[in-house]
Amino acid sequence: MSDLLLLGLIGGLTLLLLLTLLAFAGYSGLLAGVAVSAGSPPIRNVTVAYKFHTGPYNETGRLFTESCSVCPRLRSIAVYYDSPHVVPPEKCRCAVGSILSEGEESPSPEFIQLYQKFGFKVFSFPAPSHVVTATFPYTTTLSIWLAARRVHPALDAYIKERKLCAHPRLEIYQQDQIYFMCPLARQGDFYVPEMKETERKSRGPAEASDARVDDAGADTVSDGSSVSPGASGRGWDDADTRSEHSYGESGASGSSFEELDLEGEGPLGEPRPSPESEPLGAPKWPRELSAPERGEE
């Protein structure tokens, strides 16, 4: 009789433990739906304090901890530039840090000095006109693990299905939600200086090789032939700013925003513009120039 009672007690405790774990996983977002859409960004223009990281994304936890320890009340942000499905983990690049200010608000000089003291750099991101976005509950540490395995595949499928050029991939941790955002315009403005520098270095040898091939081809052109100026060269300013294996590879860079169905309101409660309010024949959202392109003009 005592043995049966003991077995029953063990079984009851085991069942209670399993139910507790399931409840915890459910509270962390295990059963939460993932809805991906295209529309207004979840945040406006922001100034961030960040650290650049090259290596496996699962090693960025220490950067989140470090930025939160400097000022726990600020929101965390991460920008992932490479797809871990294509790029070796040791070569994946990202920037992790905290949001110092948003919108018209100016960042606190005290915060800037404090973060710079701990080796962080300061950079500003614009508010893109339209993005691919999704949200996921942020209630426990397990929420981050679940989000990485549920939201990113959904974003990949959405972008690939619609053949969009949406990159890089941003994560904003705000209160009890994780906001995922992939800009559909001004992507180059989301590249921190370290990322732009690595892109320049990686493009250098390729551009030099192209120049040699172009020179060799020019020698074989007859005197009566003509070659249009600038047809063979492509510099940093007019090039696609995504890396060879960036998140932008999951879609086609030439897709139009007109294919997207934008519904609802923006993050600040403002209604999105309706197609009828625009001139007939005009593109809905013209391509916005990145910072380097505006400087070139």
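Predicted model: local features only at pLDDT ≥ 70, side-chain atom pairs only at ≥ 80, totals over all residues.

I started with cysteine 92: its sulfur has its closest cysteine sulfur in cysteine 94, 8.3 Å away, which is too far for a bond. A disulfide here is a pair of cysteine sulfur atoms within 2.5 Å. Cysteine 92 is buried, with a relative accessible area of 1% (buried is under 20% relative accessible area, exposed over 50%, partly exposed in between, with a 1.4 Å probe and protein chains only).

Residues are numbered from 1 along each chain as its sequence is written, and side-chain values use heavy atoms, with hydrogens and water left out.

Next I checked cysteine 71. Its sulfur sits 9.3 Å from the closest cysteine sulfur, in cysteine 68, again too far for a bond. Cysteine 71 is buried too, at 5% relative accessible area. My tally for disulfides in the structure is zero.

Then I turned to charges. How many salt bridges does the structure hold? I noted ten, a salt bridge being a side-chain nitrogen of Lys or Arg within 4 Å of a carboxyl oxygen of Asp or Glu.

I looked up arginine 44 and glutamate 102, whose side chains meet in a salt bridge at 3.9 Å, N to O. Arginine 44 lies in the loop between β1 (37-39) and β2 (46-54) and glutamate 102 in strand β4 (residues 93-102), so this pair ties together parts that are 58 residues apart in sequence. Helices (H or I, at least four residues) and strands (E, at least two) are DSSP runs, numbered from the N terminus. Arginine 44 is partly exposed at 37% relative accessibility, whereas glutamate 102 is buried at 14%. I also found Arg44, Arg75 and Glu102 linked in a network of salt bridges.

Glutamate 66 and lysine 51 came next, with a salt bridge at 2.4 Å, N to O. Their link joins distant parts of the chain, helix α2 (residues 61-70) for glutamate 66 and strand β2 for lysine 51, 15 residues apart. Glutamate 66 is partly exposed, at 24% relative accessible area.

Last entry: leucine 7, in helix α1 (residues 2-28), is exposed at 57% relative accessible area.
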